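Notebook open, structure loaded. I want to go through a few spots one by one and jot down what I find.

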Amino acid sequence: MRKIKLALCDDHTLFRVGMSTILGQINDFELVLEAGNGQELIDRIARKLPDVVLLDLQMPVMDGTATADYLRENYPLIKIVVLTMHDEDRMVLHLLEKGVSGYLLKDAEAGEVEKAVRKVMDEGVYLNEFVSKAMLRKMTNKTTVTKPVNAFYNSKILLSEREKEVLMLICEGLSTLEISEKIFLSPRTVEGHRLRILEKTGTKNTAGMVAYAFKNSLV
């Protein structure tokens, strides 16, 4: 079985040691790169090419936001899961719009870190309860008395009824297989709808699409 290759980028040595120990206990995980800042990660990443980068936000030399921008531009296939102490809604949505695949607080349980890595590998995005609530609060704050009942008709993009349905289920965190079983479509057809939604919204991956949907009141 192919192992999932991981990179860990954080300027706190003790945190890296602890996370490295946790990841090392998972049979199909392989930590191939550790870095203390974004620049160090970038300088070494081409030789390692991890599947997933666990990325801190506040670091010297090159912070997590700048690093995420670089990775999305130069290594679009690498998934990024942010590990941070920041729990601001604005930061969550901002990073998801940039194409970050997942957002975890540093006090998350070890099991959640494993779950997040597997989810972004399988589905391209990990939406935990914290992120979902941040999106819900964003949507609620944007709601006004003049807002139409059906937000899709207030959008600059035009989605078909089926695309709307698929988008809503993706935003609920359902996998392609779960969506296909729920609305009686083949996984291939569901994936086709997802790709068309990406194209219409101009987003690069599922995480960005979900953030776009909430920011623009599409769900």
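Predicted model: local features only at pLDDT ≥ 70, side-chain atom pairs only at ≥ 80, totals over all residues.

**Leu-104.** I started with burial here: Leu-104 has a relative accessible area of 1%, so it counts as buried. I then looked up where it belongs, and Leu-104 is part of strand β5, residues 102-105. Skipping residues up to four places away in sequence, I listed what Leu-104 touches: Val-81, Val-82, Leu-83, Thr-84, Glu-112, Val-113, Ala-116, Tyr-126 and Asn-128.

**Whole chain.** The protein chain has 10 helices and five strands. Of its 219 residues, 48% count as buried. I also looked at contacts with a separation of 6 or more, and 63% of those in the protein chain come from residues 24 or more positions apart.

What does the UniProt annotation say about Asp-56? The unreviewed entry lists "modified residue: 4-aspartylphosphate" for it. I found Asp-56 in the loop between β3 and α3. Is Asp-56 buried or exposed? Its relative accessibility is 5%, so I put Asp-56 down as buried. Leaving out neighbours within four places in sequence, I get contacts from Asp-56 to Cys-9, Asp-10, Asp-11, His-12, Gly-64, Leu-83, Thr-84 and Lys-106.

**Lys-106 and the rings.** Lys-106 is on that contact list of Asp-56, and I looked at its other end of the story too. The charged end of Lys-106 sits over the ring of Phe-15, 4.5 Å from the ring centre. I searched for aromatic pairs as well and came back with zero in the structure.

**Helix α3.** Which residues of α3 are buried? In this helix, residues 64-74, I noted Gly-64, Thr-67, Ala-68, Leu-71 and Arg-72 as buried. These cover an arc of only 130° around the axis, so they lie on the same side of α3. I checked what covers them, and the list includes α2 (38-48), β3 (52-55) and β4 (79-84). At the N-terminal end of α3 I found a cap: Asp-63 has a side-chain oxygen 3.3 Å from the backbone nitrogen of Thr-65.

**Helix α2.** I ran through the same items for α2. Its buried residues are Gly-38, Leu-41, Ile-42 and Ile-45. Their arc around the axis is only 95°, which means they are on the same side of α2. These buried residues pack against β1 (4-9), β2 (29-35), β3 and α3. The N-terminal end of α2 is capped by Asn-37, with a side-chain oxygen 3.0 Å from the backbone nitrogen of Gln-39.

**Thr-176.** Last stop for today. I located Thr-176 in helix α8, residues 176-183. Its relative accessible area is 16%, and since the cut-off for buried is under 20%, Thr-176 goes in my buried column. Not counting residues up to four places away in sequence, Thr-176 touches Glu-123, Pro-187, Val-190 and Glu-191.

How values were computed:
Residues numbered from 1 in each chain as written. Heavy atoms only, no water. Buried < 20%, exposed > 50% of the residue type's maximum accessible area, 1.4 Å probe, protein only. Helix = DSSP H or I, 4+ residues; strand = E, 2+ residues; numbered from the N terminus. Arc of directions from axis to C-beta. Contact = heavy atoms within 4.5 Å. Polar contact = N/O pair within 3.5 Å; in protein donor to acceptor, adjacent residues only side chain to side chain. Phe/Tyr/Trp six-rings, centres within 6.5 Å; stacked < 30°, edge-to-face > 60°. Lys NZ or Arg CZ within 6 Å of the ring centre and 35° of its normal. UniProt positions renumbered as here; feature names shortened; annotations may be inferred.
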